[in-house]
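Work through the following exercises with the model at hand, trying each task before reading its solution.

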Amino acid sequence: MCYAIPGKIISISKDGKTATIQYFGELRNAHIIGAAVSIGDYVYAQGGIVVGKISETEALPILKLWKTKFLELKKVDEELASIPENISSLLQKAEAGDEEPLTKEEMRDVLNIKDETELNSLYQTANHIRKKRLDNACCVHGIIEFSNYCMQNCLYCGIRCDNKKITRYRMSEEEILQAVDYAVDRLGFKALVLQSGEDSYYTDEMLISIVKKIREKHGILIFMSIGERSKECYIKLYGAGAYGVLIRFETSNSKLYARLRPGKKLDDRLELIRWLKSNGFVVATGFLIGLPGQTKEDIVNDVLLTKSIVPDMYSFGPFIPHQETPLFAAPSSQIAEVLKVIALSRFVDQESKILVTTALETFSHDAKKAGLLAGANSLMINLTPEKYRKHYDLYPGKTGLETENWKPNKEIQETIKLLESLGRAPTDLGV
Ligand code: SF4
């Protein structure tokens, strides 16, 4: 399966930094970083970056295959994403977009919706906006969790350093490279997240060596999700070819942040995230929903803070209490809370990419579908090797652990089926 459709470069900006790429008559722009490309080349773009070139001989059959399929999928999406009838004035205003943005009070009103019919209208309106603004492309990223060691002690996290009951693991460079080869060569992924706790065992040099080796072999977008590292480290990772970073700020409430992340300051985190963004990284960021002590006002501020960062992708996780953390007795967040935040984010930042995180799937088998129908347009599939994935125990109820013989292919086939049923093309066309 392929998670990107090749496009043809029809022009390059004078400074050589931006390519305009044509996909079935539609034009998208993508940054050119470290790739030698010319007008007329067929390329793959991910997250707004040209990640690889493909020969015309290889590209044309893929495009032929996709052309009919892409148009068929669009029709299905169009039917599913129609605007609901008789929507409230609040949803009418939300649908209208940036000309008259929702006030904070109205955003709170969205989060307070409880009535089932109103909730359905809310999700449908958000889905309609997604379709209207971004069409049916849905990027599918893979995630490889390469170490569950962490030197931090966040109160909500199952791999915090004080959890002595967890079986810790670290993947060797060779194991990481093998997992990446499998994800790219066998499963067809074009964008991968390499995630770990904050683990200083992996020196900057080790991480850089891994990224370089991946990029020498594969034209893919690499996201690092390794927590707070020095800016020098991030610069070197970028130089090696890791252009993306997944780093959440967790909460916009600085007091709550300090309480939940001992010894850490929200300002430092935000400074790093903003610095990454202003230095050309593709940034995925967001927060946790349902944290103990978090108010609706906090969530409104969380959404607005995410928007202010101008992220390339929104990433929200539900708070799910873990038995071996100080928050074990706190109530879990609910799926409706997360869906409302997805919809609200679609209202306030209509052209954003919004991820359905793997954590959302712990609520039900339908959660992925529900997230996509509430305004999301991006998915993550866990590709951590089976012998390790059960130990990356951030929260209880993680999916994919139920069977002894979990295989990513099955989850991928199910995801492709789901996307097809919703009329979404499992691809990233860039921006
Ligand atoms: S949230 Fe991140 S930094 Fe905090 S303990 Fe978990 S893995 Fe470590």
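**Exercise 1.** Into which domains is the protein divided, and what are their residue ranges?

Solution. The division gives domain 1 (7-78) and domain 2 (132-422), with bounds that come from an automatic or database domain assignment. The model is predicted, so that local features need pLDDT of at least 70 and side-chain atom pairs count only at pLDDT 80 or more, whereas totals for chains, interfaces and linings use all residues. Residues are numbered from 1 along each chain as its sequence is written, and side-chain values use heavy atoms, with hydrogens and water left out.

**Exercise 2.** Describe the interface between domain 1 and domain 2.

Solution. Begin with the centres, which, taken over C-alpha atoms, are separated by 27 Å. The buried area, meaning the accessible area (1.4 Å probe) lost by both parts on being put together and summed over both, is about 1400 Å², with carbon and sulfur atoms giving 54%. Finally, I33, Q46 and V51 lose the most area on the domain 1 side, together 34% of what that side buries.

**Exercise 3.** At what angle do helix α3 and helix α11 pack?

Solution. Helix α3 (residues 104-112) packs against helix α11 (residues 335-348) at about 150°, their axes being 9 Å apart; helices here are DSSP runs (H or I, at least four residues) numbered from the N terminus, and axes are lines fitted to C-alpha atoms over the stretch in contact, with angles from 0 to 180 degrees between N-to-C directions. Therefore α3 is roughly antiparallel to α11 (over 145 degrees). The contact involves M107, V110, L111 and N112 of α3, together with K340, V341, L344, F347 and V348 of α11.

How values were computed
Helices (H or I, at least four residues) and strands (E, at least two) are DSSP runs, numbered from the N terminus. Angles under 35 degrees count as roughly parallel, over 145 as roughly antiparallel, 65 to 115 as roughly perpendicular and the rest as oblique. Contact means heavy atoms within 4.5 Å. Buried area is the accessible area (1.4 Å probe) that two parts lose on being put together, summed over both.
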